[in-house]
Amino acid sequence: MKHLKATLAAALVGASALGLVAAAPQSAEAQGSVPIDVWALRDVVNAVQISPDGKHLLVHKVESKEGEYILEIYDTADLSKPLRRLNADPMEIVSAQWVSNDVIFGAAWQVNRKTVKGPEDDVRDYKTYAYSLSANKFSNVDGNFSIVNLLPNDPDHVLVATGAIVADGTGVDPYAAVRPRSYYKFDLRNGTRSLVLRGGGKIPYVSTWDDEGNPRYTEIQDLGAGKIISYYRKPGDSDWTKLNELDLNDPKNLYRILGGFVGVAGFDPKDPNIGYLIDNLNGEDKAALYEFDFTTGKVGKKLFQAEDSDVMGIQLSSIPGTSKLVAARYPGAKMERHWFDEEEKALYEALEQQIPYAWQVSIASRSLDGKSMVVTNRGPHDPGSFWLVKDGKLAKLGSRNPLLNPDQLADVKYIRYPARDGLMIPGWITIPKGKPPFPLIVQHNGGPQVNGMVGYDEWGQMLANAGYMVFHPDQRISVGWGQKHFDAGYGEHGGKMQDDKDDGVKYLIDQGLVDPNRVAFFGWSYGGYAALVSLSREPQLYQCAIAGAAVANPEKQYLGRRNADLKALDEWERRRGTIGINPMNEIAKVNIPLLMIHGNVDRRVQYYHFKEYQKAFEAAGKTGEFVTLEGADHFYNTLMFNHQQQLYTKMLDYLANDCGPGGL
């Protein structure tokens with residue numbers, strides 16, 4: 001793209017376009033200078049997207065601390081005022097996406113219940129909608145649908161599927177992959193839909209579709225045969241061809257099931273019989289990117305393999321409808337790119353030169369002619385910014401948190417350190433202002449196998465702003481670092497997985513970065529479980545632990561959710577629930593103070609974990625505090641301002657005053 005040049009710096013517009021950016025603090029002040037109310041904000045701007053013809057922007061934003069998300073639409077020729085301001089009262093718009101020059105497709109939710117009756121039972125109801133800009137009209141889409149493919153060669157239709165319409169951003173539901181989905185062509189002109197494929201039987205769902213709306217690849221779990229079977233289709237075929245099969249009951253194959261990135265990821269636009277396959281073939285540890293020939297069913301040449309991590313995805317051309325492979329993606333200090341396309345690489349390098357504090361830069365949407373685009377950035381000094389490129393000029397549109405001054409945010413450093421058995425563990429440290437040694441907080445969130453790569457982490461930045469170094473270890477079993485790293489965590493919940501965290505603390509102490517007498521543990525979901533395990537470690541490295549949404553009784557969690565037909569997954573969950581450390585059985589050994597926090601409508605880790613642990617903990621006479629977040633669910637996007645304000649206020653007060661003798 002020739003028109004984007006380094007001279008864009010002269011055309012950089014201030015931060016007031018669209019009226020989305022509130023006044024930020026004038027300068028960075030002392031540690032802890034950012035008020036809790038600023039950290040507690042929901043994402044002020046959640047999404048910005050340009051229409052395919054480049055004429056309109058949609059902006060998904062919230063305008064007050066207690067407010068709900070609205071949708072605004074702007075003419076890109078005049079950003080001074082919106083053409084439309086839309087809400088879904090009494091529901092709240094939670095997603096929006098251009099699917100044509102005229103139609104926006106998305107979802108809305110509404111809290112309609114006060115209690116959670118069982119696992120994954122939501123207190124919210126959801127609706128899918130289509131909005132026509134020309135008619136200025138919302139239409140309900142009867143059903144719970146998500147976009148699968150925009151079908152760039154068929155402007156009147158998109159491919160949709162039944163299933164979750166709000167992404168699960170925290171933790172993992174391993175059984176979601178076996179739930180059947182049905183697929184439809186949705187007519188953007190009249191709101192009707194026609195069935196393309198009904199999931200069930202041999203093929204409950206399709207992993208990969210091409211831009212023509214053809215199902216091309218899937219990997220399913222055949223319970224009767226006890227196999228993981230991969231199938232593919234050539235363009236125009238009506239039946240599936242088996243690619244390979246693996247033993248579903250072999251724990252070595254859990255890496256494929258729980259990794260979520262192995263399989264066909266895309267297709268060569270010049271030859272639809274050539275696909276791009278991600279896999280760790282021939283006994284290799286790290287997943288690589290290969291060509292796959294659909295006509296022969298054979299794997300072709302290896303396109304790329306990273307040295308220390310798995311290829312976890314591919315990146316296609318930012319120009320809609322071209323589907324050209326431009327990069328492979330793999331974890332490191334950030335989600336790195338191995339470029340195949342020099343033009344796209346040059347475009348990204350130009351953007352990175354112009355966007356302040358560029359870290360994870362992405363072209364979120366682009367017009368069909370390639371001349372206009374919305375670019376995002378997110379990283380240690382940028383909570384998430386949105387930029388418009390139009391007519392060769394770059395303008396900032398808004399931020400997920402416009403009240404944060406970049407200078408108040410902390411640097412993040414990627415490290416690798418040896419565990420006690422020699423396994424190298426990746427991790428990230430968020431470094432506060434000042435000089436070491438620092439007080440340290442070990443932070444771990446959901447999973448446990450979720451890749452925990454840190455770019456901008458609100459919790460870590462909040463803690464660093466209060467003067468704490470924050471350590472995020474990607475312990476064994478975390479995906480993205482090869483199969484050996486994953487397999488080393490099998491059955492090690494509370495064991496070697498916990499040792500990895502402790503070994504990271506010792507490493508940072510040995511590096512002179514951390515005060516050994518000022519260390520605490522904080523975690524959410526699986527990380528909350530790990531925080532409870534830390535309470536009884538010997539020798540004890542921590543002064544206190546904060547456990548959020550913690551799996552306090554993994555055995556009960558396992559028994560309440562088990563699916564004995566999925567033998568490998570069931571065995572993995574059984575080991576997690578009955579063989580690994582169960583915090584309910586360790587309360588007598590607790591030797592440091594605890595702060596435990598839980599939402600009372602948590603659908604993933606139900607509230608009984610909190611209440612039952614509290615009862616046993618207090619009966620044992622241990623020192624702890626227990627806080628309920630009323631109306632809070634498990635996931636970040638369900639935590640409202642009041643939930644985060646309560647959570648952050650209590651956390652910082654507890655760390656300063658009640659974390660061990662004299663506070664941390």
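Ground rules first. Residues are numbered from 1 along each chain as its sequence is written, and side-chain values use heavy atoms, with hydrogens and water left out. As the model is predicted, local features need pLDDT of at least 70, side-chain atom pairs count only at pLDDT 80 or more, and totals for chains, interfaces and linings use all residues.

Now the overview. The protein chain has 11 helices and 35 strands. Both are DSSP runs numbered from the N terminus: helices are H or I with at least four residues, strands are E with at least two. Of the 664 residues, 57% are buried. Buried means under 20% relative accessible area, exposed over 50%, partly exposed in between, with a 1.4 Å probe and protein chains only.

Next, helix H6. It runs over residues 496–510. That is 15 residues, reaching 20 Å from first C-alpha to last, close to the 21 Å expected at 1.5 Å a residue. The expected span is 1.5 Å times one less than the number of residues. Its buried residues include Met 497, Asp 499, Val 505 and Leu 508. What do the buried residues of H6 pack against? Strands S28, S29, S30, S31 and S32, and helix H7. After H6 comes Gly 512, with a positive phi near 80°.

On to H7, residues 526–534. Here 9 of 9 residues are buried. Among them are Tyr 526, Tyr 529 and Leu 532.

How do the two helices meet? H6 and H7 pack at about 80°, axes 11 Å apart. Axes are lines fitted to C-alpha atoms, for helices over the stretch in contact, and angles run from 0 to 180 degrees between N-to-C directions. The helices are therefore roughly perpendicular, a label for 65 to 115 degrees. Met 497, Gln 498 and Lys 501 of H6 touch Tyr 526, Ala 530, Val 533 and Ser 534 of H7. Contact means heavy atoms within 4.5 Å.

Last, the sheet. Four strands form an open sheet in the order S17-S18-S19-S20, with antiparallel pairing. Two strands pair if DSSP finds at least two bridges between them. Strands S17 (263–268) and S20 (298–304) are the edges; each has a single partner strand, so one side of each lacks a neighbour in the sheet. Neighbouring strands are turned by 35° on average, direction ignored. S17 and S18 (residues 271–279) pair over 5 bridges. Phe 267 stands opposite Gly 275 in S18.

Terms used:
Angles under 35 degrees count as roughly parallel, over 145 as roughly antiparallel, 65 to 115 as roughly perpendicular and the rest as oblique.
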